[in-house]
Amino acid sequence: MTELDRRSLLAGGLALPALGLGTAAEAADDDRYWREIAGQFTPPADVVQLENGNWGMMPRPVFEAYQAQLARVNRDTSFYARRGMNRDLIAARDAAAAAMGVGADELVLTRNATEALETLILGYNRLQPGDAVLYADLDYDSAQACMASLAHRRGVQVVKIDLPEPATRAAVIDAYAAALAANPRLKLILLTHLTHRTGLVLPVREIAALARARGADVIVDAAHSWCQIDVAIPDLDCDFVAINGHKWLGAPLGVGFLHVRRAALGRIDRHPANAAGGPDTLFARVHLGTYDFAASLTVPAALAFQQAIGSARRAARLRALRDRWVARARQVQGIEVLTPDDPAAHGAITAFRVQGVTASGANAALAGRLLERHRIFTVHRDGIARGACVRVTPALFNTPADMDRLAAALPDLVQFARDRASPN
Ligand SMILES: Cc1ncc(COP(=O)(O)O)c(C=O)c1O
């Protein structure tokens with residue numbers, strides 16, 4: 001490493017070591033660098049935390065920025081709210097829009113991805129009775145429920161498909177192509193870019209192009225993808241995207257984003273709580289009321305932390321942690337890895353199943369075994385057409401040793417599942 005490489009990289013008050021000029025993949029193995037990054041987090045000491053999909057841990061500088069914002073909001077209350085807070089919230093939104101690669105007027109802060117998805121699904125105003133809408137088994141439960149509610153809200157036919165398993169990009173594209181062909185009145189599709197159930201990354205851009213050719217719009221749930229994989233929002237080439245801030249961006253709990261492309265704004269209803277005559281902006285599509293402003297105000301600090309690492313390097317590191325346990329898991333008899341190894345089809349999250357063990361309770365028991373016997377925390381996921389699984393989600397503070405510990409525990413899980421299935 002050269003002297004230049006050793007220089008500290010300052011970003012938003014953070015002092016992080018700079019990396020050499022190698023590729024992102026090479027940087028993924030730079031242990032010294034990643035130890036420094038891990039040192040910015042405070043994971044629990046008594047358990048290997050491999051369930052980082054629920055929400056992300058704020059690194060220390062972001063947590064401190066949040067505490068400072070909270071202190072200010074609490075101290076100055078309305079004196080700040082009425083004299084400058086709005087300007088700071090807009091600056092936070094603008095910084096996020098720039099990081100995502102979208103226009104500032106095409107992004108609005110929400111409190112979470114659920115709120116953004118609800119705004120899009122329930123506010124989409126182009127549906128006519130008799131049209132069809134589509135979602136899949138791997139989509140997020142509350143988003144599925146919103147899509148299903150369109151049957152009574154809009155009088156549409158609701159179509160649900162099961163995504164292929166094992167999945168390939170081609171097979172997933174074929175599944176949506178077949179659904180479009182079978183349902184000529186399909187007008188709206190929900191696509192989860194990176195599914196929380198198995199970690200599968202969908203070829204959103206390709207599916208959206210198929211949908212567009214048949215006159216259907218696509219709503220993208222990017223709650224798990226932005227900042228987990230190396231993606232800019234325009235890469236998706238979609239008009240409507242819901243994004244999460246408190247997962248992989250590492251912002252405080254209570255941060256989400258809604259992106260609507262300028263030309264598509266009219267397809268989403270204004271929020272009824274906003275005055276009817278006001279300007280026709282994306283802001284008019286949401287109504288947050290009074291909420292945790294400090295969380296939104298911390299977005300620039302979270303962006304600064306991520307930008308100091310770099311999107312490609314972060315994604316490569318997460319992928320390397322994932323690949324490390326998966327390579328060994330694929331050699332363990334009785335373990336099925338559900339998430340494809342195609343680098344375009346996964347990020348950090350990957351799910352596995354003990355062959356034949358598809359019940360939700362049995363997978364909860366496997367996650368329980370991992371915790372109790374091996375002190376590794378994961379979570380079981382269900383709702384997958386072919387059966388439940390255990391989900392593994394490393395974060396930037398995890399180490400290669402953590403992944404090895406998980407891999408080493410897998411044969412015990414196979415035996416545990418066998419013993420449960422035939423107790424004597
Ligand atoms: C794929 C996906 N979409 C949407 C959401 C909703 O995010 P939030 O709970 O932050 O609203 C989640 C949360 O886990 C998710 O995994």
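Which strand does β12 pair with in the antiparallel sense over 3 bridges? I looked this up and found β15 (residues 389–392). I count two strands as paired if DSSP finds at least two bridges between them. Helices (H or I, at least four residues) and strands (E, at least two) are DSSP runs, numbered from the N terminus.

**Ground rules.** I am working on a predicted model, where local features need pLDDT of at least 70, side-chain atom pairs count only at pLDDT 80 or more, and totals for chains, interfaces and linings use all residues. Residues are numbered from 1 along each chain as its sequence is written, and side-chain values use heavy atoms, with hydrogens and water left out.

**Entry: strand β12.** I then checked β11 (residues 335–337), which is joined to β12 by 3 bridges and runs antiparallel to β12. Here valine 337 stands opposite phenylalanine 352 in β12. Burial came next; I call a residue buried under 20% relative accessible area, exposed over 50%, and partly exposed in between (1.4 Å probe, protein chains only). In β12 (residues 350–354), 5 of 5 residues are buried. Thr350, Phe352 and Val354 point one way, Ala351 and Arg353 the other way. In a regular strand the side chains alternate between the two faces of the sheet.

**Entry: helix α3.** In α3 (residues 31–38) I found Tyr33, Trp34, Ile37 and Ala38 buried. Seen down the axis of α3, these buried residues fall within an arc of 135 degrees, so they line one face of the helix. The arc is that of the directions from the helix axis to the C-beta atoms.

**Entry: pockets.** I worked on a 1 Å grid over the protein atoms alone: a cavity is a set of points where a 1.4 Å probe fits but cannot get out, a pocket is an open set with protein on both sides within 12 Å along at least five of seven lines, and lining residues have an atom within 4 Å of a point. A volume is the space filled by probe spheres set on the points, with points joined across faces, edges and corners.

The largest pocket has a volume of about 550 Å³. Its lining holds 21 residues, with Asn86, Leu89, Leu288, Tyr291 and Phe293 nearest the centre. I traced 11 of the lining residues, the largest share, to α4. I sorted the lining into 13 nonpolar, 6 polar and 2 charged residues. Ala, Val, Leu, Ile, Met, Phe, Trp, Tyr, Cys and Pro count as nonpolar, Asp, Glu, Lys and Arg as charged, and the others, Gly among them, as polar.

The second largest pocket has a volume of about 340 Å³. Of its 20 lining residues, Gly53, Asn54, Tyr140, His224 and Lys247 are the closest to the centre. The lining has 6 nonpolar, 9 polar and 5 charged residues.

**Entry: cavities.** I counted 2 cavities of 30 Å³ or more. The largest cavity has a volume of about 170 Å³. It has 16 lining residues, and those closest to its centre are Phe41, Met57, Lys247, Trp248 and Ala395. Domain 1 (81–305) and domain 2 (312–419) both give residues to the lining of the largest cavity, so it lies between them. Domain bounds come from an automatic or database domain assignment.

The second largest cavity has a volume of about 90 Å³. Among its lining residues I listed Asp137, Glu165 and Ile384. I sorted this lining into 8 nonpolar, 1 polar and 2 charged residues.
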